[in-house]
Amino acid sequence: MAQVRFTADVVVTCDTDNSVYAPGVVDAVDGRVAWVGSPDDAPEISDTVTVDNVGGLIMPGLVNAHCHTPMTLVRGSGDGLPLHRWLTEAMWPREGRMTPADAWWGMTLGSAEMLLAGVTTSCEMYLFEDAVVDAARASGARLAMTPGVVAALHPSGSDRSGEIAEFFSRHHDPAGRVTVGVAPHSAYDLGVDAVVNLADLARSLNTVLHLHLAETREESAELEASFGCSVTRILYDQGVFEGRVLAAHCVWVDTTDINLLAANGVAVAHCPISNMKLGSGIAPLAAMRDAGVTVAYGTDGPASNDSLDLWEEVKMGALLARAHSLDSTLITAVETLSMATRYSAAAVGLDDTGCLIPGNALDMIRIDLDQSTFVPVTDIDELLAHLAWSGSSRKVTDVWVAGEKVVADGEVLTVDTERAVAEVRERALRLAGA
Ligand SMILES: [Zn+2]
């Protein structure tokens with residue numbers, strides 16, 4: 001058994017009690033957390049156990065709950081267009097030329113970017129699922145892969161079900177680093193029946209259904225007119241919320257919709273920066289949380305953000321909610337940090353990451369506290385405030401996934417980043433038709 005004792009100036013666990021130890025100890029055995037607490041209470045260890053005095057602050061890796069990472073290949077295109085025109089005029093023509101090898105390099109570059117930012121897990125909705133899994137595995141990142149279903153390629157959705165079930169049987173491994181869900185793009189794109197069928201598939205596989213919901217005000221107008229109610233209500237009435245569901249965006253949800261999401265345990269991936277960039281609106285974060293909805297953070301794809309740095313959501317998501325409600329007491333530092341960790345992990349269907357507690361995977365990041373923005377600290381709440389409001393990917397020095405070190409001193413160990421940059425630069429030109 002490989003045992004390691006990590007000691008740090010601060011351990012932020014992001015557990016349900018928001019426990020913080022300063023100083024703190026994390027014991028790991030075979031890539032899993034065995035014990036967390038204060039050094040004074042730490043169990044005796046034998047001389048054979050490696051002690052790694054990492055100093056600084058350690059906390060769980062962040063979880064990006066909604067992403068289309070291979071879109072690193074189309075980052076920057078269509079800037080300034082609203083969602084529908086952005087998809088049809090800028091994204092889909094380029095993505096239509098994409099090959100599995102392109103997706104592999106796009107995912108590889110994005111994985112490196114996320115790992116460097118301390119994001120150890122992402123939930124991906126994309127095509128080319130084999131390439132995405134291969135790339136994530138090679139980078140060492142944890143992945144919740146939800147193969148996408150879009151009307152342009154899968155008009156009925158049903159032809160895709162067999163492929164996804166087969167892919168699930170090959171890759172779904174909750175004890176390892178890859179899990180598999182099902183991702184119909186949206187009800188407005190695929191139609192309600194296809195979403196219902198894919199929800200049945202997700203339930204039969206006992207896995208997560210991941211879809212876009214109520215992102216813009218206009219997208220579901222036709223559906224809503226023909227059904228006579230909101231798109232959220234339509235999906236509820238059709239039984240789509242009966243399984244484990246992750247809904248991205250939920251910007252245009254009213255009180256009744258929010259109560260339906262809460263009552264059915266639908267988790268929401270809140271993507272404030274993507275929503276701001278595409279002018280989609282401001283999701284009612286505080287109201288969703290008050291109603292008991294599990295709200296996670298997602299970057300959305302790197303073409304609508306345009307970074308994969310979830311620290312930006314940690315800050316902007318909370319501050320936007322405060323500005324929107326004229327209330328500075330909303331979404332504390334601790335709450336916004338737990339949204340990016342514990343809640344995000346739960347939202348994407350992972351039970352053993354997102355907080356540092358015994359039994360969980362050792363998905364952990366180290367943050368350098370010897371920086372001006374972490375000064376001063378007269379009590380621990382101030383330190384947590386620094387972490388939420390002035391902590392950023394730039395402060396992440398080391399990253400472990402399942403106990404494996406994948407970033408050391410700000411360098412990714414698992415990816416040839418220079419090559420990935422060159423590949424994506426070159427391939428993107430071809431996709432652009434340049
Ligand atoms: Zn999306």
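Which helix holds arginine 430?

1. Start with the end of the chain. Arginine 430 sits in helix α15, which covers residues 417-431. Keep in mind that this is a predicted model.

2. Is arginine 430 buried or partly exposed? It has 14 C-beta neighbours inside 10 Å. A residue needs 20 or more to be buried, and 12 or fewer to be exposed. Arginine 430 therefore counts as partly exposed.

3. Now take a distance. Arginine 430 and alanine 141 are 289 residues apart along the chain. Their C-alpha atoms are separated by 28 Å.

4. Next, look at helix α14, residues 380-390. Its buried residues include Leu383, Leu384, His386, Leu387 and Ala388. What do they pack against?

5. A helix rule is handy here. An α-helix has 3.6 residues a turn, so residues three or four places apart point the same way.

6. Step back to the whole chain. The secondary structure comes to 15 helices and 20 strands. The radius of gyration is 21 Å, close to the 22 Å that the globule rule gives for 434 residues, so the chain is as compact as a globular protein of that length. Along its principal axes, the C-alpha trace spans about 65 × 45 × 40 Å.

7. Finally, burial and contacts. Of the 434 residues, 54% count as buried. Consider contacts between residues at least 6 apart in sequence: 75% of these join residues at least 24 apart.

Technical notes:
Residues numbered from 1 in each chain as written. Predicted model: local features only at pLDDT ≥ 70, side-chain atom pairs only at ≥ 80, totals over all residues. Helix = DSSP H or I, 4+ residues; strand = E, 2+ residues; numbered from the N terminus. Rg over C-alpha atoms; globule rule 2.2 N^0.38 Å. Contact = placed C-beta atoms within 7 Å.
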